[in-house]
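Hi,

Here is the structure I promised to pass on. Have a look at it first, and my notes follow below.

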Amino acid sequence: MRILVTGAAGFIGSHLVDRLMSEGHYVIAMDNLITGKYDNLEPHRSETRFEFIHHNVSNYIHVPGHLDWVVHLASPASPVDYLELPIQTLKVNSLGTHNTLGLAANKGAKYLLASTSEVYGDPEVHPQPETYWGNVNPIGPRGVYDESKRFAEALTTAYNHMHKLDTRIIRIFNCYGPRLRLNDGRVVSNFIYQALKGEALTVYGDGSQTRSFQYVADLVDGIVRTMGCDHHLPINLGNPQEKTVLEIAKLIKELTRSRSEIVFKPLPIDDPRRRLPDITKARELLGWEPKTQLVDGLKETIAWFEAQFPKAAAR
Ligand SMILES: NC(=O)c1ccc[n+]([C@@H]2O[C@H](COP(=O)([O-])OP(=O)(O)OC[C@H]3O[C@@H](n4cnc5c(N)ncnc54)[C@H](O)[C@@H]3O)[C@@H](O)[C@H]2O)c1
């Protein structure tokens, strides 16, 4: 198939490109590199089934030739990024989603939107099933991400209804793995970076807030299975193993054999207290559930971070 992946140079996008390339597809990777790195796509640079287009998808998109799929992953995703880039985040999830949907409609392609567990906001229902409408503060600092993803879901659903576009919506819960940016402000990358540098591990609040972390290879498998399943309503993709942030900090400290201390800082505004996916639908429709144990995924991620340190120091 000929597949356009937006946000392809990012963390999840580049792993998805690896998988699609390994399955023999033709991949057009589109990215404006606002939070991604071209290095992530380097292994495919000289392949004839691969093209890179440097483009901001919030502007009109032109792609020559036919397309079988448009997979829309472009968007800042780490809280540090979207708090620094609020307007770009709102635009890529609204205008960018509109442009990519229009492109898919024009090409007769299928469409997949990467949405997020953040559409549930600070949830009042645990675990979160897809039928839960969420608890989001539209004008809080996180609103730029949460509300624009909610808008993106509404727009994708409208294209499905009005234009009969063959769409998929996945709600991704916290994901980690190699190629997270070293200090991009996400929980796992922060802790590993701090532990390896011998800096104090920063826990926000008392660390009792929970997250459910899925390894990137599991998520990519879920994305590919969703593409192969004819279902248009949102599907949660996440790991139902819930851990407190303090447990994660301690585990990373242990796995890195770090002597760093753990320090506590005030909880950011609207930080969700609990995050736990109900993945019944993914299990039933896709036959999918995460396979990677947290310890194994963290070991892979730590090894990758360790390999990056000499490169980062040499720059
Ligand atoms: N990583 C997670 O835990 C997680 C959780 C929920 C949802 N998601 C969603 O998955 C997608 C990928 O997230 P990620 O973790 O890989 O983030 P990332 O920041 O590593 O990747 C996003 C990519 O999109 C690109 N991009 C951003 N705006 C763009 C624009 N206007 N035009 C073209 N490219 C643009 C960036 O340069 C980057 O390469 C995002 O849509 C995100 O909302 C991720």
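**Around the ligand**

The shell around the ligand holds 29 residues, of which G7, G10, G36, A77 and I172 come nearest; a residue counts as near if its C-beta atom, placed from the backbone, lies within 6 Å of the molecule. Before you go further, please note that this is a predicted model: local features need pLDDT of at least 70, side-chain atom pairs count only at pLDDT 80 or more, and totals for chains, interfaces and linings use all residues. Residues are numbered from 1 along each chain as its sequence is written.

By type, the shell splits into 14 nonpolar, 13 polar and 2 charged residues (Ala, Val, Leu, Ile, Met, Phe, Trp, Tyr, Cys and Pro are nonpolar, Asp, Glu, Lys and Arg charged, and the others, Gly among them, polar). At least two shell residues come from each of α1 (11-22), α3 (86-107) and β5 (110-116), and α1 gives the largest share, 3 residues. Helices (H or I, at least four residues) and strands (E, at least two) are DSSP runs, numbered from the N terminus.

**Elsewhere in the protein**

P272 sits in the loop between β13 (262-265) and α8 (280-286). P272 is partly exposed because it has 18 C-beta neighbours inside 10 Å (20 or more would be buried, 12 or fewer exposed, with C-beta atoms placed from the backbone). Leaving out residues up to four places away in sequence, P272 touches G121, D122 and P123, where contact means C-beta atoms, placed from the backbone, within 7 Å. Across the protein, 45% of the 315 residues are buried.

Enjoy exploring!

Notes: Contact = placed C-beta atoms within 7 Å.
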